[in-house]
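Here is a brief report on one protein model. It covers contacts, a nonpolar core and a surface patch.

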Amino acid sequence: MSDTATAQFVGDSMEEMLVSLAEGVREAQQALSAVPAVDAYGRPQPTYHLPYLDFDLQVKVVMQSSPGGRPIARLMPFTAKVAPSSSGSQSTEVSGNIKGRLVAVPPQQGLPLPVLRLTLAQRQAAQPTQQTLLLEAANTAGERLTQQAVELNIDPAASQRLNPGLAWPASLTATRLQQAVVHTDEQGLAQAVLDLGNELPRGALLMVVASIGPVRAQGVVTV
């Protein structure tokens with residue numbers, strides 16, 4: 001095994017170890033967060049948060065080869081024992097320490113998170129087959145998000161679940177959003193129009209989803 005291949009093997013192995021360690025910390029925090037806030041008598045219970053984790057990994061790389069055999073690299077804990085080499089084989093060991101700290105980073109690097117709200121305007125009697133959607137975008141700091149792109153979609157799967165027993169059409173042709181993406185104004189507000197076609201019977205429920213990246217808002221429109 002070449003030096004480059006050995007370095008790649010060690011790097012990949014360390015990556016897997018660190019990812020597994022981080023995953024363990026995440027699962028531990030989830031378990032701590034799942035502890036009820038109050039006990040059976042209604043008394044507050046302490047809560048716990050893992051802000052960081054210091055680690056010190058002691059590992060060694062063992063290179064083994066034999067005449068006519070393929071070199072094998074193994075990464076193992078520092079305390080592991082290596083079996084004696086068989087006749088004619090060679091074994092080389094390199095050990096070392098890797099120290100570091102895993103730090104919990106708040107979502108979005110600690111910046112305020114987007115907050116999206118979707119409401120339905122009162123439907124006009126003159127246009128019964130159109131529904132106006134009202135969107136409001138802000139963040140958790142209370143700031144309005146101006147010129148913010150908001151994506152709009154109809155969710156057929158969620159809509160079908162809202163209408164048990166209804167034969168859902170293969171596609172919605174006349175029922176569609178006039179705008180796939182809208183941008184908020186200086187007040188963080190935007191509007192979109194949903195055309196209600198005749199593919200669905202009157203009274204059916206339609207799920208509309210607005211999103212800013214992973215942040216979603218949902219609204220149920222009655223056809």
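## Contacts of Leu 135

Leu 135 touches Arg 117, Leu 118, Val 150, Leu 152, Val 182, Gly 188, Leu 189, Ala 190 and Ala 210, leaving aside residues up to four places away in sequence. The model is predicted.

## The largest nonpolar core

Leu 135 also stands out in the largest nonpolar core, which has 26 residues. Together with Leu 116, Leu 194 and Leu 206, Leu 135 touches the most other members. Two or more core residues come from each of these strands: E4 (114–120), E5 (130–139), E6 (149–154), E9 (189–195), E10 (205–212) and E11 (215–222). Strand E10 gives the most, with 4 residues.

## Leu 205 in strand E10

Leu 205 is also part of strand E10. The cut-offs are under 20% for buried and over 50% for exposed.

Outside the four places on either side in sequence, Leu 205 touches Ser 159, Leu 162, Asn 163, Trp 168, Val 220, Val 221 and Thr 222. Take Leu 162. Leu 205 and Leu 162 are 43 residues apart in sequence. In space, their C-alpha atoms are 6.3 Å apart.

## A nonpolar surface patch

Tyr 52, Val 103 and Val 105 make up a nonpolar patch on the surface. Together they have about 300 Å² of accessible area. Tyr 52 belongs to strand E1, which covers residues 52–65. Tyr 52 counts as partly exposed because its relative accessibility is 44%.

Notes. Residues numbered from 1 in each chain as written. Predicted model: local features only at pLDDT ≥ 70, side-chain atom pairs only at ≥ 80, totals over all residues. Heavy atoms only, no water. Patch = residues over 30% accessible without salt bridge, like charges linked within 9 Å, V, L, I, M, F, W, Y side chains within 5 Å. Areas by Shrake-Rupley, 256 points an atom, 1.4 Å probe, with all protein chains shown as cover. Salt bridge = Lys/Arg side-chain N within 4 Å of Asp/Glu carboxyl O. Buried < 20%, exposed > 50% of the residue type's maximum accessible area, 1.4 Å probe, protein only. Core = buried A, V, L, I, M, F, W, Y, C linked by side-chain atoms within 4.5 Å. Contact = heavy atoms within 4.5 Å.
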